[in-house]
Amino acid sequence: MSEATILEPPLDPPRAAPPAAHAGAHDDAPHGFWSTYFFSTDHKHIAKQYLLTGLCMAVIGGLLAHVMRMHLAFPDRAVPGFGEVPAGTYNALITMHGTIMIFFVAMPVLLGGFGNFLIPLMIGARDMAFPRLNMMSYWTFLVSCLILLGSFFVPGGASPAGWTAYPPLSANVAYSGAAWGVPLWIAAVALEFVAFLMGGINFITTAINLRAPGMKMFDLPMMVWMQLVASVIFLFSVGPLVAGAVLLLLDRVAGTGFYNPGAGGDPLLYQHLFWFFGHPEVYVILLPGLGIVAEILPVFARKPLFGYRMVVYATLATGVLSFIVWAHHQFVSGIDPRLASAFSITTILISVPVAITMFAFVATLWRGAIELKAAMLFAIGMVGVFFWGGVTGIINGSAAADIYVHDTYFVVAHFHYALIPPVFFSLFAGIYYWYPKMFGRMLNETLGKIHFWGTFLFVNVTFMPMFGLGLRGYPRRTFDPRVFAHLGDLHPLQLAATLGTIGLLLFQIPFVLNFFGSLRFGAVAGKNPWRANTLEWTVPSPPGHGNFEGTPVVYRGPYEYSAPGRDADWFPQDVAPGRPL
Amino acid sequence: MHLMPVAASSYAGDIDRVMWVITLIVGVWFVAAEGILLWFTFRYRKKDGVRAAYVPGKSFRQTGWILIPCVAILVCDLAIDAFGERVWKTIKEKVPPAQLQIGVEGRQWAWTFTHPGKDGILGSPDDIVIPNEIHVPVGENVAFTLGAADCLHSFWVPELRLKQDAVPGRHIQGWFRATRPGSYGVLCAELCGVAHGLMRGTLYVDTEADYERWLDSRIAAQPASQAAAFQAAPTPAPQPAPKTGGKS
């Protein structure tokens, strides 16, 4: 607790101090340009730093995908603006696209961005429990981004070992040819985990200890629950992976043999360490994505989230189950085949708690008064597209079927359908919804709707054909389809997927224009433009340093919309019972 | 255009059946869920003067609408598990008695197949060792021992629905019984370096007579010294320059 004495601003748990004690907190806010925008300990600034860094990485990750898709559609031509894509470059592209999108987009945006911004605001806290740790988390993350991007420019290029970096390919420079790329990849990813470890400790401590007076755990907005469970999952799963990465680095630079069978090691050990983290990681990403949707659906349907407690329990069950499914990535990897059936059962069972959550979202719409704003379109779209990812996961999860679809485009299609909804649909839904709170201005709804319909259409144009490719036995990570005669007639599907990617990228332009244009031209938002209940809407947009003027007191759950016996169809969490709004 | 490649092994049909049964079961849920989502979205659009219903979903009377279907999902899940498990066990857990033993080794970036010669014994001097070419007679159980010389590879023949990773330091046992004569691509399904996408071989499923003829021609064409020379050849050095090392 010694750090607590050096925290700035003072961060006593709100319930421990009367509101007046914080009256002077605003004066502690740093005023200089650098200290405000760069070295701020304010969770809202750190959130924006994470969000913008994540979005920049998303642009890079998206352009890498574009180069791959162009190459696959036109393998005998140079990619405009990039040039030839030889095999080594192609392998670096797939590696960096996956690494960037999972570790350097999904996590910074969903956890670093939305988690940081919303947790203190939603629970009535003045900041994170450990603001300096929070700042350190971001800067560590930024360094990891720079190391990763820098690896493009070292001799031998970026890591070509796949985003999973399986040894021996990743452990031996003779096999991969990337003398610098792989160690830099390992360093970047390990450092990124350190950043999110700091963030996770902060999230958990904040959500549990800094809740406003009266706010019980079952009064937490679902977003906070999801961030909390995601952080716990991350904390419990990341250790083995960091260990695995360190062992890999030692194999690589110090000549140890943890994964080298010639020295008594085993490559499969790495796969277990990687996926023991890697599968829970899917839920670290999915849960905050679901949290965003859970906040938006009730507001734009004007209804309580259906079965709040049921969803919380289902989320906890999902979190627990996520730790015992990892070997479904390894059915045909050479593990003892008798293990497969058990992992198949746990994998397929996880459909039950996830289905409970998704069905609860659908039920929230029943007999609502639905307003299809851009945020709502993306939230409903998230649910609709995620169903594709969910049901196709059952095919991958069945060990017998996985023998065939493993490492084909079917898997590629599946995990894009499973990850694009929580990462991109939720990200966009969240931005359309919370942008007014973050920047004080409204986004343009028309541009938002164009953005949604274009994105929705072209996500399907891009990834639907990949199910067909996979069923026909098209292997993923194949840089030149002309090698395999039997894949020749599948070219129209590759072409369609590439056209989809181009459409997808083009339809992000309205979003970029909207995002930056509205900073200046957007309508002024006011405190609560959506007439929402949660605490972040009770403070000015954007909220000042220290968030709350006094300490809010919470009287009810977050989703009391259209409550009987009340004229207004919303009932903020901090309005005392019996008082008119 | 077929949805999947022709099924050419004894268990290919079983795997396909598992896939289609799962597709059918989850397809029903999928259509229902998407249908209800769309229906609610259009049916309950905001109308002037109509207030949303207050349905918090606290009592079982309400959550039952979700929990009971989820019990049905649980039942479907277990049925899928049970159905798939039998197929998995047949394919992966036990290798049946086989008429032919073959050695398979992946290396950057070629497959090496070791066929027993006339004596039918693997590891004897008359072994036939060929890169990127495997011959088996149709309708016979073939057991293989799969190894890897450098990094991970994955022995994959789509038409046989056969896929198994090759791991350095392990000798993994597997089997198949090809049921249709013909030639099929042998692919590598695990990223194995710069020319991973070029690594391929061919599986020839021959009739019994063709197989014997091929065996005779190989024995005539391949003096023992050649086989020994091939085995003694050093691992081709991985070449950092792309597009060059594929045809090793």
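Trainee: Is B:His196 buried or exposed?
Mentor: B:His196 counts as buried because its relative accessibility is 3%; buried means under 20% relative accessible area, with a 1.4 Å probe and protein chains only. Keep in mind that this is a predicted model, where local features need pLDDT of at least 70, side-chain atom pairs count only at pLDDT 80 or more, and totals for chains, interfaces and linings use all residues. Residues are numbered from 1 along each chain as its sequence is written, chains are lettered from A in the order in which they are written, and side-chain values use heavy atoms, with hydrogens and water left out.

Trainee: Where in chain B is B:His196 found?
Mentor: In the loop between strand S9 (182-188) and strand S10 (200-206); strands are DSSP runs of E, at least two residues, and helices are runs of H or I, at least four, numbered from the N terminus.

Trainee: And which residues does B:His196 touch?
Mentor: Leaving aside residues up to four places away in sequence, the list includes A:Arg476 and A:Arg477 from chain A, plus B:Trp109 and B:Cys188 from chain B. Contact here means heavy atoms within 4.5 Å.

Trainee: On to the interface, then. How many residues does the contact take from each chain?
Mentor: 100 residues from chain A and 78 residues from chain B.

Trainee: Which residues form a salt bridge?
Mentor: The rule finds 1 salt bridge across the interface of chain A and chain B. A:Asp266 pairs with B:Arg170, their closest N and O atoms being 2.4 Å apart; the rule asks for a side-chain nitrogen of Lys or Arg within 4 Å of a carboxyl oxygen of Asp or Glu.

How values were computed
Buried < 20%, exposed > 50% of the residue type's maximum accessible area, 1.4 Å probe, protein only.
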